[in-house]
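Open the model in your viewer and follow the stops below.

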Amino acid sequence: MVTQEEFDRQFGEPAAALRQRIEYQRMELAYTFGKSVRAARESRGWSVPGLARRARVSRAEIAAIEAGRSLPAAVTERVAATVGVRAPGVLGDSP
């Protein structure tokens, strides 16, 4: 297996630009997902604690999702299923 340092030495700037592009896309997915969760929650008249209770996750996790931060896939999938939105497949960090 090639280490990150070896890869960077071999491919240099193109690799760094690709990593930045991938990170930007991941952040954009997290932001869009968070907006969708908030809109779905508010349309149902649910509070953050109410959604957290229904999805069996913490209030902090709901707040983090709605703020556009990434969480483990298990959390995002549970919240998505509870509010009826599609969970992005590559959004969650590995547990």
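Is Phe 7 buried or exposed, or partly exposed? Phe 7 is partly exposed, at 34% relative accessible area (buried is under 20%, exposed over 50%, partly exposed in between; 1.4 Å probe, protein chains only).

This is a predicted model: local features need pLDDT of at least 70, side-chain atom pairs count only at pLDDT 80 or more, and totals for chains, interfaces and linings use all residues. Residues are numbered from 1 along each chain as its sequence is written, and side-chain values use heavy atoms, without hydrogens and water.

**Stop 1: the core.** Select Val 37, Leu 51, Ile 65 and Val 79. These have the most contacts inside the largest nonpolar core, which has 16 residues. α1, α2 (48-55), α3 (59-66) and α4 (73-83) each supply at least two residues of this core. The largest share, 4 residues, comes from α4.

**Stop 2: Ile 65.** Show its contacts (heavy atoms within 4.5 Å). Beyond neighbours within four places in sequence, Ile 65 touches residues including Ala 30, Phe 33, Leu 71 and Val 75.

**Stop 3: α4.** Select Val 75, Thr 76, Val 79, Ala 80 and Val 83, which are buried. They lie on the same side of α4, because they cover an arc of only 125 degrees around the axis. Just after α4, Gly 84 takes a positive phi of about 80 degrees.

Note on methods. Core = buried A, V, L, I, M, F, W, Y, C linked by side-chain atoms within 4.5 Å. Arc of directions from axis to C-beta.
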